[in-house]
Amino acid sequence: NNAFANFMSAGDHLAELLVNCCKELRYDSLVIPKDFETRGVANTSTVKLQYLFRDDSVSLWNILHGYATGMVDLSYKAEEDVSGDLELQDFVKEIANIGFAGFHGNKGAGFPTSISTKKELAEYLTVVIYNASCYHASVNFQINKYLAYMPNAPPSVLQPPPGQDNVATLAQIMETIPKYEIALVTMALTEVLGNFSPIERFYLPTKTDNRLGYLGGNMAVSLDQENCIKKMAKNMEKLRVAIVERNENSETIPYTVLRPDLLPIATQI
C-alpha cells in the first residue's frame, strides 16, 4: 500500500485517479499565455476583477522565455542546427510518445514529437522551466493553507455527497468529513509538502531567510551564458520590486505567491 491509500478515498487506485485528473491536459495548456487566451481571461479589459495570478504569470513567462531564447541563440546558430540535433529530437519524441503515452488517443497530449526551429525550442524550454518552477510553486506552497481545513477538500468522506446544492446541514458535514486521525495525517502531509526544501534555490536570494539564488549555483559554461543568466536575474529583480510596490499600494490582501524571491527554480522531491 502507498501512503496515500491510508487516508484517501482513492485508496490503491491513485494511479487511476491521476489518469482521470490528466484527461484534459494539453501541451497548449502548459503554454501559460495560450492557456489564458483559451479560457478567455487574457484580455485585461474584459476581465473586470483583478487577476494577479495571470499578471504575474505572464510577466514571469516573458522573462523566462527571453532567457530561454537567449540560451538557444547561444547554442544553435541556425534553424537546421535544431532539426539536426538528433539527441534533442529523440528527447522530444520520448516525452510525447512515452511520457504521455495513452493520452488523448495515443496522441501524446499534443506535445510535439519534433522541434525544427529555434522559436519552437525556446517555447518548449519555457514550458518546462515555467511549469516546473513557477506554476508548481503557485499551487504547491499554498496547499496547507487550503487543505488543512478539512471541509475545504477532504481527502476522503464517510458519507455520500449531498444530492442537491444548498441542502447540507452542519450535522451532515460533521458526519461526512474524515475522523480526527485522517485529518491529522492530511495536515501533517500538506505541511511537509507545502514548505521549502532546505536545499532549495530561488530565482533571487534572500539573505534574511538564508535563501540561495540562482546565480553562483548554475551550470553556465561560458561568459555569454553567465551574462544571459544575469540578465534574467536582473529582470526578476525588477519584477520583485514591481510586485512589492503593487502590494504596498493595494487595499486587498498582498499577493506574493509568484514573487521571484519566493520561487524555487525547480521542483524538489
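Author: Buried means under 20% relative accessible area and exposed means over 50%, with partly exposed in between; please keep in mind that this is a predicted model.

Reader: With those cut-offs in hand, is Met174 buried or exposed?

Author: Met174 has a relative accessible area of 53%, so this residue counts as exposed. Met174 lies in helix H9, which covers residues 170-176, and together with Leu170 and Ile173 this methionine forms a nonpolar patch on the surface, the three having about 320 Å² of accessible area together.

Reader: How is a pair of aromatic rings described?

Author: A pair of aromatic rings is described by the distance of the centres and the angle of the planes. In this structure a search of the whole model finds 10 aromatic pairs. One of them joins Trp61 and Tyr130, whose centres are 5.9 Å apart with 65° between the planes, an edge-to-face arrangement.

Reader: Where in the chain do Trp61 and Tyr130 lie?

Author: Trp61 belongs to helix H4 (residues 52-75) and Tyr130 to helix H7 (residues 118-140), and the pair links distant parts of the chain, 69 residues apart. Trp61 is buried, with a relative accessible area of 6%, and Tyr130 is buried as well, at 0%.

Reader: What can be said of the rings of Phe196 and Phe202?

Author: Their centres lie 5.0 Å apart and their planes stand at 90°, so Phe196 and Phe202 make an edge-to-face pair. Phe196 is partly exposed at 29% relative accessibility, whereas Phe202 is buried at 2%.

Reader: Which residues do ring pairs link into a cluster?

Author: Tyr27, Phe100, Phe111 and Tyr124 are linked by ring pairs into a cluster.

Notes:
Residues are numbered from 1 along each chain as its sequence is written. This is a predicted model: local features need pLDDT of at least 70, side-chain atom pairs count only at pLDDT 80 or more; totals for chains, interfaces and linings use all residues. Side-chain values use heavy atoms; hydrogens and water are left out. Patches are made of residues with over 30% relative accessible area and no salt bridge: like charges are joined within 9 Å, nonpolar side chains (Val, Leu, Ile, Met, Phe, Trp, Tyr) within 5 Å. Accessible areas come from the Shrake-Rupley method with a 1.4 Å probe; for residues, only the protein chains shown count as cover. A salt bridge is a side-chain nitrogen of Lys or Arg within 4 Å of a carboxyl oxygen of Asp or Glu. Helices (H or I, at least four residues) and strands (E, at least two) are DSSP runs, numbered from the N terminus. Buried means under 20% relative accessible area, exposed over 50%, partly exposed in between (1.4 Å probe, protein chains only). Rings of Phe, Tyr and Trp (its six-membered ring) pair if their centres lie within 6.5 Å; planes under 30 degrees apart count as stacked, over 60 as edge-to-face and the rest as tilted.
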